[in-house]
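Please find below a short note for a reader who is new to this structure. The points follow in numbered order.

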Amino acid sequence: MLKGDNALNILRKSIFNFDKRKIKTTLLYAKKNNDVIDTAAVITVDGYLIESTDLMLQTAKKIASMGCSMVSLANTMTQELAMGNCRNLILENEQGIVVMIQINEQLILTTMTRDTYALGLIVGTSRLCADTIRAILNNTIRS
Amino acid sequence: MNPLKIVFTGPVGSGKTSAVETISEVPVVQTEVVPTDTLKNNKSLTTTAMDYGELTIDTNQTLALYGTPGQTRFAYMWDILSKDALGIILLVSNKRRKPIDDLCFYINHFKYQIESSTAAFGVTHLDSFENPQYEMEKYYAFFDKNRYSFPLFPVDTRQRYHVKVLIESLLSMLEIGD
């Protein structure tokens, strides 16, 4: 299984033609400079993990596939309501908040906080992080 | 009256979305995205959460039709969607490398649902639907060997009649069970 996963990762890297290290650096930077983010992951719209911080690999992979299903359903719902595509998806319970933000047509940023009072902060921080990753992928800035 | 629910499942590219699209009387709710892996060489879109359609089977009875994603990384959706389902329609593509292994895998995963309700099976992507006997033999043999007494048909999921036969055979199985 691991062998197949490695092969897929190599393939994915060539498909996207971007440096995963830059994304990892951006996630780590965002986490270091914003206490509010406990974990973060960049996933593809079809459920693959690109990079994550502070998540066990198996958990991160599950979050990748579940996150993509949720964003896809959210898109279907907003389109049904003639609202276009879904930009952010927020899950909240008594133990924390999960935010999913579309980075571009292929990637989604997922962040999580255990601070239940930090909704505005995590949404704002996640948007900045998504903007930075988008800029890196578009080669408009250097990380 | 609550809608009854059946679930179309099976490996990626076996025609689940196509089956729901073909038979549904309402616009199908879809959650398809452009694949980022090698699948994009074969398919332009892939389901990530579910397909949903409806079919009226009686004057007052609506059948809710759910299609699952095919990839095993979405297996959690299989369990969510198949909960309380009336039955499972398992599609397997004859074009896959090991379709019998696919059958075994999905039968094993849906064992509880199949035992507690019932199932019907469709083989898709046959070379000829006019004379499918030769290609179907290995599937009939597999069913005989395992003593499965479920309906098994060659299916072109783009043909409304084919999908209807699958659904009707599933409903017949339920009547036999009653």
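1. In chain A, strand β3 and strand β4 (residues 96-102) run antiparallel and are joined by 6 bridges. Two strands count as paired if DSSP finds at least two bridges between them. Within this arrangement, A:L89 stands opposite A:M100 in β4(A). Strands are DSSP runs of E with at least two residues, helices are runs of H or I with at least four residues, and both are numbered from the N terminus.

2. This is a predicted model, in which local features need pLDDT of at least 70, side-chain atom pairs count only at pLDDT 80 or more, and totals for chains, interfaces and linings use all residues. Side-chain values use heavy atoms, without hydrogens and water, residues are numbered from 1 along each chain as its sequence is written, and chains are lettered from A and ligands numbered from 1 in the order in which they are written.

3. A:A82 belongs to the loop between α3 (57-80) and β3 (88-93) of chain A. Although A:A82 is not a glycine, it has a positive phi of about 55°. Its relative accessibility is 71%, so A:A82 counts as exposed; exposed means over 50% relative accessible area, buried under 20%, and partly exposed in between (1.4 Å probe, protein chains only).

4. In chain B, R147 lies in the loop between α5 (133-145) and β8 (152-154). B:R147, also not a glycine, has a positive phi of about 55°, and B:R147 is exposed at 76% relative accessibility.

5. A:L107 is part of strand β5 (residues 107-113) of chain A. With a relative accessible area of 1%, A:L107 is buried. A:L107 and A:V42 are separated by 65 residues in sequence, yet their C-alpha atoms are 6.7 Å apart in space.
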